[in-house]
Amino acid sequence: FTTPSLSTTTTYYVESANGSCISSRTAVTATVNTTPSVTSTTPASRCGTGSVTLQASASAGTISWFANASGGTVLGTGTSYVTGNLSTTTNYYVEVSQNGCTSVRTLIVATINEIPTITSTTPASRCDTGTVTLGATASIGTINWFANASGGTALGTGTSFTTPSLSTTTTYYVESATATCTSTRTAVTASINATPSITGTTPSSVCDSGTVTLQASASGGTISWFANASGGTALGTGTSFTTPSLSTTTTYYV
């Protein structure tokens, strides 16, 4: 006996008759099972390569996870599924079964977000106290500048950062961030170099014509000798300079 279309479990009764003799009736149940459904899914994401934990809940039954929208082998069962090592965003599918009834599969996405990187930095230097402009580029994201290797508040954003006035060499740190992922910080140094000074000079003299040996000392660096107060080519280097033969008093510069 084929029932009409049923939406609920229904009991029918069957008897057997032989002439005027009729059996008692026996109940026969046509059971209509509700197909379970996936009631919610929780996609997940991560920065860079690795595994992702996906979650799902169902109205009833056993939850099964698949790599395909239909067919294929069950990857796992239960309310959560830990993917293998992923390097790209990957689609998974989840279904639930009970009493021989299986839901349609629901898409759930394991998202792999690219980690930005600082691709280059441009340290800078200056002589004595003042500001220094540092530079950086990134693969993606917004570039942020910090005074610390970790933590702290961003001092500025963008591909360049002008420091406050510095009197000593100072290290800053730069990172790049997207809405989901942040690079490691990279050190960028603002170097403050002390301008050297001439600390002492020793003029000299000669009677009549001849060469004269002049001397000078400096706080640091290479001492250079010139015939002019500015410009011109160095005549020599070092703490002493012997002039060519002179017949008149001559001024040199160091």
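This is a guided walk through the structure above, from its overall form down to single side chains. The model is predicted, so please keep in mind that local features are described only at pLDDT of at least 70 and side-chain atom pairs only at pLDDT 80 or more, while totals for chains, interfaces and linings use all residues. Residues are numbered from 1 along each chain as its sequence is written, and side-chain values use heavy atoms, with hydrogens and water left out.

Let us begin with the whole chain. Its secondary structure comes to 26 strands and zero helices; both are DSSP runs numbered from the N terminus, a strand (E) having at least two residues and a helix (H or I) at least four. Along the principal axes, the C-alpha atoms fill a box of roughly 165 × 30 × 20 Å. The radius of gyration is 43 Å, whereas a compact globule of 254 residues would come near 18 Å. That radius is taken over C-alpha atoms, and the globule rule is 2.2 Å times the number of residues to the power 0.38. Of the 254 residues, 25% count as buried. Buried here means under 20% relative accessible area, exposed means over 50%, and partly exposed is in between, using a 1.4 Å probe and protein chains only.

Now for the sheets. Strands of a sheet pair through backbone hydrogen bonds, either parallel or antiparallel. In this description, two strands pair if DSSP finds at least two bridges between them.

You can follow the pairing residue by residue. β14 and β16 are joined antiparallel over four bridges, and S120 has T137 in β16 as its bridge partner. β16 (residues 133–138) also pairs with β19 in the antiparallel sense, over three bridges. There, T133 stands opposite T162 and L134 stands opposite F161.

A second open sheet has five strands in the order β15-β21-β20-β17-β18, and its pairing is mixed. Here β15 and β18 (156–157) stand at the edges with a single partner strand each, so one side of each has no neighbour in the sheet. Within this sheet, β20 (residues 170–177) and β21 (residues 186–193) run antiparallel and are joined by five bridges. Y173 stands opposite A187 in β21.

D128, in the loop between β15 (124–127) and β16, has a positive phi of about 65 degrees although it is not a glycine. D128 is partly exposed, at a relative accessible area of 37%. D208 lies in the loop between β22 (198–202) and β23 (213–218), and its phi, near 60 degrees, is likewise positive in a residue other than glycine. D208 counts as exposed, at 71% relative accessibility.

Turning to the interior, a nonpolar core is a set of buried Ala, Val, Leu, Ile, Met, Phe, Trp, Tyr and Cys residues joined through side-chain atoms within 4.5 Å. The largest has 15 residues, and those with the most contacts inside it are V52, L54, W65, Y92, V94 and A110. The elements giving two or more residues to this core are β7 (53–58), β8 (62–66), β11 (90–98) and β13 (106–113). Another core lies apart from it, with 13 residues, among them V132, L166, Y172 and V188.

Finally, the aromatic rings. Rings of Phe, Tyr and Trp (its six-membered ring) pair if their centres lie within 6.5 Å; planes under 30 degrees apart count as stacked, over 60 as edge-to-face and the rest as tilted. The whole structure has seven aromatic pairs. In one of these, the ring centres of W225 and F241 are 5.7 Å apart and the planes are at 20 degrees, so the pair is stacked. W225 lies in β24 (residues 224–225) and F241 in β26 (residues 240–242), so the pair ties together parts that are 16 residues apart in sequence. Both W225 and F241 are buried. W65, Y81 and Y92 form one aromatic cluster.
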